Every structure is written in structure tokens, then in C-alpha cells.
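Trainee: Could we go through this one together? I keep meeting labels and I'd like to see where they come from.

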Amino acid sequence: MKIESKDFPPATLRTLQILDYFMADPSPKTLKTISESLNIPFTSLYRIVMCMQEYRYLVEDPTKPNHFRLGYKMRQFSDIVFSEKNLVKTALPFMREVASELNQACQLCTLTENGICTVEQCLPRSAITYITELNETIPINVSASGKILTALLPEKERERFLRKSSEHFRQNTPNTITDLDLLKMHLEEIAQQGYGTDSEEYAEGIGCVAVPIFDSEQKPVAAIGTTGPIEFYQKQEVLQATLAFLQKSALEISKRLS
């Protein structure tokens, strides 16, 4: 059955009209201007814009009070559409080298709306008992990549992201951190050290370590990490050697993304 446009939810239509309006002319605009241009009642427009601002599709322009412009979320869509393919293509040769040299699974992950997603992975010669599926989204509290990328978010953005993503936290093992305040403290440590770890938090007997990949503006856009038997990650000399290899690979990938 075909649904006519007149049957679409009015608020949804108006939201899309607002987005189209800003994409046609991205300059900052007041609510009054938007209301008059799109013929949307001011009261309805106000509620829609406040919702879009909460979810970062629109933001208030810092140089023009009471003026709104497209927010970072729209850039994320653009990044996903135009950059993810290039990201995977750029990272893949390095990931193969990591998996081969370290004999560990190597994964490339990006943040989603509520968690962390594996967008590419290279498997080692040895078998891995537990590993996330390609394109599977999991909670950030059980992921080394999820932790480091969350830890590096700007403070307000991190708080907003944690409020939403914490609804999806799960207790996989006794080591899993599900308390939000405790995880926040853990993320502060991770931000300082520059890498994330998973010590039998996703699955018993499995460990992970991950480091960030940056774009040309030094914004963390992904993480590259390894996964393998926990014994591998409990030996400091082995962990440090793994980190050095990953950090070198991440640096080279970042350079090529610039």
C-alpha cells in the first residue's frame, strides 16, 4: 500500500523541511526566519528545533546569539557516507600486517549513535574463541575501541553520548564495568594514557587493546585494535610491544587520511 505524503507525520515532515532548508543555505538563521520561510507555526517550530538541538542536528551559532546552524551530527552523516570507505581502504593493509605480525585479530571500529561498531577486521592464523561480528554494534563498556573513542570526545559531547549509550550497557562478565560513574573515572584514565583496554570484559579469557586514528583536523574518527587470549595482554612487555605496533600503524593511517 502506497502512503501519500499528506499521511506522513507533520513533525517528521517539518524536521526534514528544516534540514533541506539548511542544506540549501547553511548560513545561521533565527527561529523567526525559519518559521516565516517554511510556514511552520512558531510554537511547533520551537519544539522541533529544541529536539534537533538536543540531538545535535542543529546547534546555536557561538558568534550569533539566537541563530541556529547545522550541527556536528550532519557532519557525521557526511563522514560516514564519504569517508568510511576510504578509511577501510586506507587501514586494511596495516590491519593485515598487524594480524600477521602479532598473530592477533585486528579490528577497525567507529562509534555509532549508542555504541561501537566493527567496520573491518583481519583474522590471525590462530583461532579466536570470541570475536565481534563485522558490522556488529556492541556497548562501549565492553570494548577497548569504544572506551578510547568515547574518552576522547569533547566533554559535553561525551556526557551526552554516555547518557544515551549507558542504556545499552550489559554485564558480559564479572569484570565488566556497568556503573556509569565508575566507567567515567576509567575513561579519564584512558584519555590520559591514550589507549583503551578490555581485560575479560567482553568475554572471559579474551583481552583487547585499541588506539585512536585521527583525521586531518586531529579529530578521532576510528580505532584500530587487537583481540586475543588474555594471557597475551597480561604480560607488560608483550602489551607494550603490541601498543607500539598499533600506535605506529594508527599514525601511518592518520597521515594518509590527512
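Trainee: What covers the buried residues of α2?

Mentor: The cover includes α1 (10-24), α3 (42-54) and β2 (68-70). Cover here is a matter of contact, meaning heavy atoms within 4.5 Å. Keep in mind that this is a predicted model, where local features need pLDDT of at least 70, side-chain atom pairs count only at pLDDT 80 or more, and totals for chains, interfaces and linings use all residues. Residues are numbered from 1 along each chain as its sequence is written, and side-chain values use heavy atoms, with hydrogens and water left out.

Trainee: Which residues of helix α2 are buried?

Mentor: In α2 (residues 31-38), they are Leu31, Ile34 and Ser35. Buried means under 20% relative accessible area, exposed means over 50%, and partly exposed is in between (1.4 Å probe, protein chains only). The helix label itself comes from DSSP: helices are runs of H or I with at least four residues, strands are runs of E with at least two, and both are numbered from the N terminus.

Trainee: What puts those three on the same side of α2?

Mentor: They cover an arc of only 100° around the axis, so they sit on the same side of α2. The arc is that of the directions from the helix axis to the C-beta atoms. The face turned away from that buried side carries Lys32 and Glu36, which are exposed.

Trainee: Why is strand β4 called largely enclosed?

Mentor: Seven of the seven residues of β4 (residues 116-122) are buried, so the rest of the structure largely encloses this strand.

Trainee: What makes β3 and β4 a pair?

Mentor: Two strands pair if DSSP finds at least two bridges between them. Strand β3 (residues 105-111) and β4 have six, in the antiparallel sense, so they pass that test.

Trainee: Why are β5 and β6 edge strands?

Mentor: The open sheet runs β5-β4-β3-β8-β7-β6. β5 and β6 (196-199) each pair on one side only.

Trainee: What makes a set of residues a nonpolar core?

Mentor: Its members are buried Ala, Val, Leu, Ile, Met, Phe, Trp, Tyr and Cys residues joined through side-chain atoms within 4.5 Å. The largest here has 27 residues, including Met95 and Leu108. α4 (72-102) is among the contributing elements, and gives the most, with nine residues.
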